[in-house]
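Hi there,

Here is the structure I promised to pass on.

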Amino acid sequence: MAVSNLNEFTLVKNQIIKEALREIEACSADREPTSNDLVIASTKLNMMAKSWENKSDYPWKRTEGFLFVNTSTNGYILDGSTAHATENFDQTTTTVIASSGASLITISSTIGFVVGYNIGVVQDDSTILWTTITTISGSDITLNTTLTNGVAIGNKIYVYQTKINKPQAIDSTRLSLTTSNLETSINSIDQLTYRNLSNKKTVGTPNQYYYEKLRSSGVLYLYQQPDSDSNYIINFTFQKPLFDFNNPTDDADFPVEWLSALVKNLAYELARGYGKSSEFSEILKRDADNLFEEAIGADKSNASIYFQPVNNENY
């Protein structure tokens, strides 16, 4: 028998719901779910997925971010609109001197530069002027804000489109020097340690961080408060939140090997509302928990563990 040579199987939102309803005998090949069934199950599915965000780390939601610091603050609000933090950016340099008060700069490459994007201009006083791009003509960029200091030939220019929304968690941060791209780890501290710092506004090179997750945003606190706008960028690894199930044909924001766990756990969430007995629900809960643990286990890191014998003459 020949194999398919395909690896495309998946279930979309309404298919997951139908499978879960079949598990509790609330629909079958002869009985399609009602619109009310779909609404109830969709709500339960989203509630369940949101609750799972606190149960584990999900490797497929882990990505890299870049924070452009400034000397005026030690706390950076990550909410998609405030801090200059992004997943991707491009950079180039200036080729013509620009004076304070100018709104036009000339750069060596316009790759990644688009009208409306966020642009950061490193000025001669080492500050970064952040604004947006108004027009692009050849190598000339017109800024939405005028320069507050001069810009020499060779000064760095940064550009990016989208700011990072609230991370579910920040796993690690590194300080990356803009002159060499060499990275140095920044130590994570907890809330109590951060709150107990006697002078959180101490200025220097950041060597510790604390991430505070709020209801609609996150705040990345750095200690020490940056002593330069432009000497380094904070690179960080973070977890994105799981995406919602909105439309009937939305894919699950999970790998395909999680589909059984999604179906069985949704069935358990629905069982009581559909009049299933405690005994039925307990069996369903056991199976659902086992499938969830199997899925989590499959996503754990397979990092090697090394054992080294101890040379001790007393043994």
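The expected span here is 1.5 Å times one less than the number of residues, and helices are DSSP runs (H or I, at least four residues) numbered from the N terminus.

Before going on: this is a predicted model, in which local features need pLDDT of at least 70 and side-chain atom pairs count only at pLDDT 80 or more, while totals for chains, interfaces and linings use all residues. Residues are numbered from 1 along each chain as its sequence is written, and side-chain values use heavy atoms, with hydrogens and water left out.

Back to α2. Its buried residues (under 20% relative accessible area, 1.4 Å probe, protein chains only; exposed is over 50%, partly exposed in between) are Asp-37, Ala-41, Ser-42, Leu-45, Asn-46, Met-48, Ala-49 and Trp-52. Seen down the axis of α2, they fall within an arc of 160 degrees, so they line one face of the helix; the arc is taken from the directions from the helix axis to the C-beta atoms. What covers them includes α1 (13–23), α4 and α5. On the other side of α2, Val-39 and Met-47 are exposed.

Now the pockets. On a 1 Å grid over the protein atoms alone, a pocket is an open set of points where a 1.4 Å probe fits, with protein on both sides within 12 Å along at least five of seven lines; lining residues have an atom within 4 Å of a point. A volume is the space filled by probe spheres set on the points, which are joined across faces, edges and corners.

The largest pocket has a volume of about 330 Å³. It is lined by 16 residues, and the closest to its centre are Glu-87, Lys-163, Ile-164, Asn-165 and Lys-240.

The second largest pocket comes to about 260 Å³. Of its 14 lining residues, Tyr-268, Ala-271, Arg-272, Gly-273 and Ser-281 are the closest to its centre. α2 (35–52), α4 (259–271) and α5 (278–298) each supply at least two residues of this lining, and α4 gives the most, with four.

Where does Ser-281 lie? Ser-281 is in helix α5 and is buried, with a relative accessible area of 11%. Leaving aside neighbours within four places in sequence, Ser-281 is in contact (heavy atoms within 4.5 Å) with Tyr-268, Ala-271 and Lys-276.

Best wishes
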